[in-house]
Amino acid sequence: MAAASASVPSFDALEVGDLVAERSFELTRDSLVRYAGASGDFNPIHYRDDVAREVGLPGVLAHGMLTMGLAVQPVVDWAGDPGRVADYQVRFTRPVVVDPEAGAVVLVVAKIGQLDADARVARVDLTVTFDDQTVLGKAQVRVSLG
Amino acid sequence: MPVNPELQGRVFPPTEPYLVGREKVREFARAVFATNPLNLDPEAARAAGYDDVVAPPTFAVVMQEKTLAQLLAEPDAGIDFSRVVHGDQRFTSSRPIVAGDLLTATLTVSSVKTLGAHSMVTAESSVTDASGAHVVTAVSTLVVRGED
């Protein structure tokens with residue numbers, strides 16, 4: 001169970017549209033290899049240029065689940081406890097191509113999308129972009145603030 | 001070969017129990033750029049009322065990988081892994097995963113749909129702890145691209 005913490009956001013002070021958090025993430029090929037090992041997803045399209053090219057991709061891609069995993073982190077820090085995240089969903093709409101030298105920068109903006117006063121659950125909507133284009137659709141985090 | 005429509009509704013045997021290790025949680029947390037001390041520091045986690053470090057919200061993907069391996073290995077499934085694209089993903093938790101948990105995942109194929117040459121498979125992995133209590137359900141929609 002989520003224990004009480006001094007840093008819990010006050011549900012009653014929240015309003016739909018409030019900016020909750022904003023953070024940018026610099027991905028490199030090293031980030032992809034690290035995530036492959038941590039998650040057990042060793043699909044070579046996430047670390048081999050030749051394989052990515054062979055299957056018709058524009059380059060080596062970040063794991064969709066890496067993008068999903070990092071995009072929720074600003075919300076976790078805002079909530080003060082990863083255990084307050086009761087539900088998290090995304091749709092993978094566009095790939096993040098990670099250049100071997102320049103890497104890739106992923107921007108996350110999190111805003112209050114909906115407030116359920118009875119359950120004291122805030123729905124936080126994420127806008128996640130790479131190269132000025134959205135890469136996750138319907139990215140919603142339900143945070144329990146009861 | 002198209003995805004076998006008879007997969008819909010199929011329930012797979014539970015995976016081998018998986019013991020969540022503290023260093024695995026920390027390794028995963030670092031890999032997803034987690035900075036919250038409850039993910040990384042056992043003392044901070046204990047101070048907040050947990051037994052050990054708390055896994056990030058997407059950690060259940062590690063369990064889901066094991067169930068999807070069962071699905072791909074099913075002889076009559078007709079799923080070619082090289083043609084699979086991840087469509088969407090959801091985690092619905094009863095409680096967070098904490099280091100020390102002994103978890104089991106059970107896969108149900110909740111739907112198989114065909115859209116032209118492509119198929120969409122929705123796979124639901126229900127994760128329970130050693131007491132049998134629900135921890136998290138991971139729902140993944142896989143798009144299987146048809147032959148060109």
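## Ground rules

Residues count from 1 along each chain as its sequence is written, and chains are lettered from A in the order in which they are written. Because the model is predicted, local features need pLDDT of at least 70 and side-chain atom pairs count only at pLDDT 80 or more, while totals for chains, interfaces and linings use all residues; side-chain values use heavy atoms, with hydrogens and water left out.

## Where the chains meet

Let's start with the interface. Here, 38 residues of chain A are in contact with 33 residues of chain B (contact means heavy atoms within 4.5 Å). About 2,900 Å² is buried between the two chains, and carbon and sulfur atoms give 55% of that area. Buried area is the accessible area (1.4 Å probe) that two parts lose on being put together, summed over both. A38(A), M65(A) and P82(A) supply 18% of the area that chain A buries against chain B, more than any other three residues.

## Links across the interface

Two salt bridges are found between chain A and chain B (a side-chain nitrogen of Lys or Arg within 4 Å of a carboxyl oxygen of Asp or Glu). In a salt bridge, R90(B) meets D87(A) through their side chains, at 3.0 Å from N to O.

Which element of chain A gives the largest share of the side that touches chain B? That is β2(A), with eight residues. Strands are DSSP runs of E with at least two residues, numbered from the N terminus.

Notes. Helix = DSSP H or I, 4+ residues; strand = E, 2+ residues; numbered from the N terminus.
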